[in-house]
Amino acid sequence: QFARPLPPTREEALKQLLEASDPTKPLDVLVVGGGATGTGIAYDLASRGGLSIGLIEANDFASETSSRSSKLIHGGVRYLEKAVFGLDPMQLKLVFEALKERAVL
């Protein structure tokens, strides 16, 4: 009943990016890669305001999300368990990294 519009094709997205571009005012940041990391970076920069940002991806966005960062984001509980029960300081370091990533997202 409430169908979401389909995302633009790669060709349509590139055309939109080129049409929105002003040769006299280049992008401040061009993020290459629309996986978890690239999308997160583009979102973070856009939310700060004042920057013109482009995000390009070879295939579909998030088709091959960034494995290390996305695992870190949702794997913090596992690392905490290993840190506490295994007395592993490296796992505890990963927990703190995951908490920082979650705060950014």
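Modeller: What follows sets values against definitions.

Modeller: This is a predicted model, in which local features need pLDDT of at least 70 and side-chain atom pairs count only at pLDDT 80 or more, while totals for chains, interfaces and linings use all residues. Residues are numbered from 1 along each chain as its sequence is written, and side-chain values use heavy atoms, with hydrogens and water left out.

Colleague: Why is Gly 54 called buried?

Modeller: Buried means under 20% relative accessible area, exposed over 50%, and partly exposed in between, with a 1.4 Å probe and protein chains only. Gly 54 has a relative accessible area of 2%, so Gly 54 is buried.

Colleague: Which residues does Gly 54 touch?

Modeller: Leaving aside residues up to four places away in sequence, Gly 54 touches Leu 17, Leu 27, Val 29, Leu 30 and Val 31, where contact means heavy atoms within 4.5 Å. Of these, Leu 27 is 27 residues from Gly 54 in sequence, yet 6.8 Å away in space, C-alpha to C-alpha.

Colleague: How do you know that β1 and β2 pair?

Modeller: Two strands pair if DSSP finds at least two bridges between them. Strand β1 (residues 29-32) and β2 have 4 bridges in the parallel sense, so they meet that definition. In β2, Gly 54 is the bridge partner of Leu 30.

Terms used: Helix = DSSP H or I, 4+ residues; strand = E, 2+ residues; numbered from the N terminus.
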